[in-house]
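Keep the sequence and the 3D view at hand while reading.

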Amino acid sequence: MLPLGHVAYTWATLTWLQSHQRAADVDFRGATVAALLPDLIDKPLSLTLMSHSGTSQGVSHTLLGQALFTLAVAGLRPRWLPYVLISNSHLLADQMWKYPRTLFFPFSGRLDSWKFMGTPSAMLGAYAEIATRPAILAVEAMGLALLAWVVGKGKLHHKYPLKQLLSTGKIAAPSAPSDTARSKMRRKGRIQACE
């Protein structure tokens, strides 16, 4: 999955959960970082210390890496566990079961590498190839639709809700119209007088 897809699916899930009074304390900014965290760790490593592996999905895309991350956060900062779960879900979004050597590394012996990605140009070329696959395009299109739903639901196309999201990490829940707004709406015939 491409970065936009990771963020879109995470935001849509979080929006749905929060609309059902769940995960109210989860910050969308932190959720964005968590959704991308395995890539934020592994991509730079694959271009530097692990360029010999030839893959951009390294230790953060393994069960062991995610398990150690989960245990460390559970012990040190338990309130961050929702973000860890978001990071864990990155492996599902990337369909890591299709790459069992990476998923079970180091027990599998080595990381899977479908194409060499140890240089910036090789990585860009691989992403250009991935971005043209019909299955990826369909998943990313669905992600864009979900992101549009989040923007609409949270009114993020308006200045104040967007500013609030950027400054607080929260999407304000839609509220019922105030009494003054109801009166104005009644006068315009938008609300029936027999509420």
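## The largest pocket

Which element supplies the largest share of the lining of the largest pocket? The answer is α7, with three residues. In this predicted model, α7 covers residues 134-153. Two other helices, α2 (28-47) and α6 (120-130), also give at least two residues each to that lining.

The largest pocket holds about 440 Å³ of space. Its lining has 21 residues, and those nearest the centre are Met 1, Asp 94, Tyr 99, Ile 130 and Ile 136. Sorted by class, the lining consists of 11 nonpolar, five polar and five charged residues.

## The second largest pocket

The second largest pocket has about 280 Å³ of space. It is lined by 17 residues, and Tyr 9, Thr 10, Thr 13, Ile 86 and Ser 89 are the closest to its centre. The elements that contribute two or more residues to this lining are α1 (3-19) and α4 (81-93).

The largest share comes from α1, which provides seven residues. By class, the lining of the second largest pocket has 11 nonpolar and six polar residues, and no charged ones.

## The chain as a whole

The chain has 195 residues, and 34% of them are buried. Its accessible surface is about 11800 Å², with 68% of that belonging to carbon and sulfur atoms. Taking the contacts between residues at least 6 apart in sequence, 60% join residues at least 24 apart.

## Confidence in the model

The average pLDDT of the chain is 86, and 88% of the residues score at least 70. Where in the chain is confidence lowest, and where is it highest? The lowest mean, 57, is found in helix α9 (residues 179-187), and the highest, 96, in helix α3 (residues 63-76).

Where pLDDT is low, the predicted coordinates should not be read in detail. Helix α9, with its mean of 57, is the place in this chain to keep that in mind.

## Backbone exceptions

Most residues other than glycine have a negative phi, and most peptide bonds are trans. A few places in this chain depart from that pattern. The peptide bond from Phe 105 to Pro 106 is cis, with omega near 10 degrees. Pro 106 sits in the loop between α5 (100-103) and α6.

Gln 95 is not a glycine, yet its phi is positive, at about 50 degrees. Gln 95 belongs to the loop between α4 and α5. Lys 155 is also not a glycine and has a positive phi, of about 55 degrees. The loop that holds Lys 155 runs between α7 and α8 (159-168).

How do these two residues stand in terms of exposure? Gln 95 has a relative accessibility of 28%, so it counts as partly exposed. Lys 155 has 45% relative accessibility and therefore counts as partly exposed. The partly exposed range lies between the cut-offs of 20% for buried and 50% for exposed.

## Residues apart in sequence

Thr 70 is part of helix α3. At 23% relative accessibility, Thr 70 is classed as partly exposed. Which residues is Thr 70 in contact with, leaving aside its neighbours within four places in sequence? They are Leu 81, Val 84 and Asn 88. From Thr 70 to Ser 87 the separation is 17 residues in sequence and 9.3 Å in space, C-alpha to C-alpha.

Lys 153 is located in helix α7. Lys 153 has a relative accessibility of 32%, so it counts as partly exposed. Lys 153 and Trp 16 lie 137 residues apart in sequence, while their C-alpha atoms are 9.9 Å apart in space. Ala 172 is in the loop between α8 and α9, and counts as partly exposed because its relative accessibility is 38%. Ala 172 and Tyr 160 are separated by 12 residues in sequence and by 9.9 Å in space, C-alpha to C-alpha.

Note on methods: Residues are numbered from 1 along each chain as its sequence is written. This is a predicted model: local features need pLDDT of at least 70, side-chain atom pairs count only at pLDDT 80 or more; totals for chains, interfaces and linings use all residues. Side-chain values use heavy atoms; hydrogens and water are left out. pLDDT is the predictor's confidence in each residue, from 0 to 100. Helices (H or I, at least four residues) and strands (E, at least two) are DSSP runs, numbered from the N terminus. Buried means under 20% relative accessible area, exposed over 50%, partly exposed in between (1.4 Å probe, protein chains only). Contact means heavy atoms within 4.5 Å. Accessible areas come from the Shrake-Rupley method with a 1.4 Å probe; for residues, only the protein chains shown count as cover. On a 1 Å grid over the protein atoms alone, a cavity is a set of points where a 1.4 Å probe fits but cannot get out, and a pocket is an open set with protein on both sides within 12 Å along at least five of seven lines; lining residues have an atom within 4 Å of a point. Grid points are joined across faces, edges and corners, and a volume is the space filled by probe spheres set on the points. Ala, Val, Leu, Ile, Met, Phe, Trp, Tyr, Cys and Pro count as nonpolar, Asp, Glu, Lys and Arg as charged, and the others, Gly among them, as polar.
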